[in-house]
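Subject: Structure handover and findings

Dear colleague,

Please find below the structure for your review.

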Amino acid sequence: MTTAAVSSPRDTSPKRKPKSKLRRSITSDTAARITFYIAVVVGWQLVAWQVERMPAPWETLQFIYTELTGGTHGGVVRGQFWEHFLATLQRFSIGLAVGFVLGVILGLAIGSIRFVRSLLNDVLLVFLALPAVIWAFLTVMWFGLGWQAPVYTVILASIPFVAVNVAQGVRSVSPELHLMSDAFQVPRGRRLRNLMLPAITGYLFTGLRFAVIIGWNAVLLAEWFGASNGVGWRSRFWYDAARYRGFLGWVIVFIVFIFVLDGFVLRPLQRHAFRWRERGEDESDLSLDDVVTTGI
C-alpha cells in the first residue's frame with residue numbers, strides 16, 4: 001500500500017532583496033541631513049544672485065572668520081566675537097539656571113497640590129502663550145539697558161515650559177503608588193527621591209530642551225532692544241549699519257550654537273541618564289514594581 005507524499009505549500013510571496021551598502025548610505029539619516037544642508041546653501045546662493053541685499057554664503061562665512069579672528073571689517077571696525085558671545089552666554093546661563101530651578105519647584109507644586117494647580121494653572125497657560133518678544137519689551141521697560149533685562153527675560157520665558165512638563169510628570173504617577181506610600185507611611189523626602197524624581201526625569205529633560213531653545217531666543221531679543229553688548233546687540237549693530245552679511249553671520253552663529261548645544265550636550269546627557277532603560281518604554285512611565293525595587 002502506497003501513501004501519497006504530502007507536500008508543504010511553498011512560499012510564493014516575493015522576497016525583498018537586501019539593500020546594498022551604497023543604497024543604505026544614500027538613504028541614511030546622515031545623508032538626508034547632508035542633502036538638506038546642501039539644498040539650503042544652494043537655495044541661499046540662488047536668492048543672493050536675485051536679491052541685491054542678500055549676501056552670498058562665501059561672503060557671510062568670510063565675515064564670520066574675520067569676526068572670530070579679530071580682523072578688520074574695513075576702517076576702524078574690528079571683529080569682536082568672543083567679547084559679545086561670552087557676554088550673551090553668561091546671561092543665558094544665569095537665566096536658564098534660575099528659570100529651570102524655579103520651573104521645577106513650580107511644576108512640583110502644581111502637579112502635587114490641588115490648590116496650587118487651581119490657583120496657577122490658567123496663569124501658566126497665559127505665560128506659555130506670551131512670546132519671548134513681549135518679555136523682552138517688558139524687562140527692558142522695567143530694568144532699562146544693561147545685563148538685567150536679558151537675564152530676566154530668559155528666566156520669565158523658560159519657567160512656564162519647565163513647570164508645565166514637570167507638573168505633567170508628577171500627575172502621570174499612578175494614584176495607587178501614592179496610596180501605597182501613604183499606607184506604608186513613606187517619608188516625604190524618600191517619596192520625592194524614589195517616586196517623584198524617577199517619574200519626572202523624562203519630563204525634566206523635555207522641559208530643559210524647551211527652556212534652552214526658548215531662552216536662547218529670548219536673550220537675543222532682549223539684547224537687541226536693551227543691551228550695549230552681546231550677540232543680539234552685535235546683530236542689531238550690523239543691521240542698522242546696513243551690513244547685512246554681518247547681521248546674517250551673527251544669525252548663523254546663533255543657530256549653530258543651539259544645534260551644537262542640543263546635539264552634543266543635551267542629547268548625550270539624556271541618553272546617559274536613561275542608559276539603564278533597555279526596553280523601549282516611555283521615560284515617564286512608572287510601575288508598581290519600579291517603586292518596590294527602589295526601596296519604598
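The model is predicted; local features need pLDDT of at least 70 and side-chain atom pairs count only at pLDDT 80 or more, while totals for chains, interfaces and linings use all residues. Residues are numbered from 1 along each chain as its sequence is written, and side-chain values use heavy atoms, with hydrogens and water left out.

Overall fold

The protein has 12 helices and zero strands; helices (H or I, at least four residues) and strands (E, at least two) are DSSP runs, numbered from the N terminus. Of its 296 residues, 36% are buried, where buried means under 20% relative accessible area, exposed means over 50%, and partly exposed lies in between (1.4 Å probe, protein chains only). The accessible surface comes to about 18,800 Å², with 64% of it belonging to carbon and sulfur atoms; areas come from the Shrake-Rupley method with a 1.4 Å probe, and for residues only the protein chains shown count as cover. Among contacts with a separation of 6 or more, 70% are between residues 24 or more positions apart, a contact being heavy atoms within 4.5 Å.

Nonpolar cores

In soluble globular proteins, nonpolar side chains tend to be buried together. A nonpolar core is here a set of buried Ala, Val, Leu, Ile, Met, Phe, Trp, Tyr and Cys residues joined through side-chain atoms within 4.5 Å. The largest such core has 32 residues, and those with the most contacts inside it are Phe85, Phe92, Val166, Val212, Trp216 and Trp250. Helix H3 (57-69), helix H4 (81-112), H7, H9, H10 and H11 each supply at least two of its residues, and H9 gives the most, with 10. A second, separate core of five residues includes Val116, Leu124, Ala163 and Ala167.

Trp250 deserves a separate entry. Leaving aside residues up to four places away in sequence, Trp250 touches Phe63, Glu67, Gln80, Phe81, His84, Phe85, Val231, Arg234, Ser235 and Trp238.

Aromatic pairs

The structure holds 22 aromatic pairs. Rings of Phe, Tyr and Trp (its six-membered ring) pair if their centres lie within 6.5 Å; planes under 30 degrees apart count as stacked, over 60 as edge-to-face and the rest as tilted. One of the pairs is Phe161 with Phe210, stacked at 6.0 Å centre to centre with 20 degrees between the planes. This pair links distant parts of the chain, with Phe161 in helix H7 (residues 148-171) and Phe210 in helix H9 (residues 188-226), 49 residues apart. Phe161 is buried at 19% relative accessible area, whereas Phe210 is partly exposed at 40%.

Trp216 and Phe254 form another stacked pair, 4.9 Å centre to centre and 15 degrees between the planes. Trp216 lies in helix H9 and Phe254 in helix H11, so this pair ties together parts that are 38 residues apart in sequence. Both Trp216 and Phe254 are buried. They also belong to one aromatic cluster with Phe81, Trp82, Phe85, Phe92, Trp250 and Phe257.

Salt bridges

There are five salt bridges, each defined as a side-chain nitrogen of Lys or Arg within 4 Å of a carboxyl oxygen of Asp or Glu. Glu67 pairs with Arg234, the closest N and O atoms being 2.8 Å apart. Glu67 is in helix H3 and Arg234 in helix H10, 167 residues apart, and both residues are buried.

Arg209 and Asp262 meet at 3.0 Å, N to O, linking helix H9 to helix H11 across 53 residues. Arg209 is partly exposed at 25% relative accessibility, while Asp262 is buried at 15%.

Within helix H10, Asp240 and Arg236 lie four residues apart, about one turn of the helix; their closest N and O atoms are 3.5 Å apart. Asp240 is exposed at 55% relative accessibility, and Arg236 is partly exposed at 32%. Salt bridges with shared partners also join Arg209, Asp262 and Arg267 into one network.

Local features

Ala242 has a positive phi of about 60 degrees although it is not a glycine. Ala242 sits in the loop between helix H10 (231-240) and helix H11 (244-273) and is partly exposed, at 45% relative accessible area.

Yours sincerely
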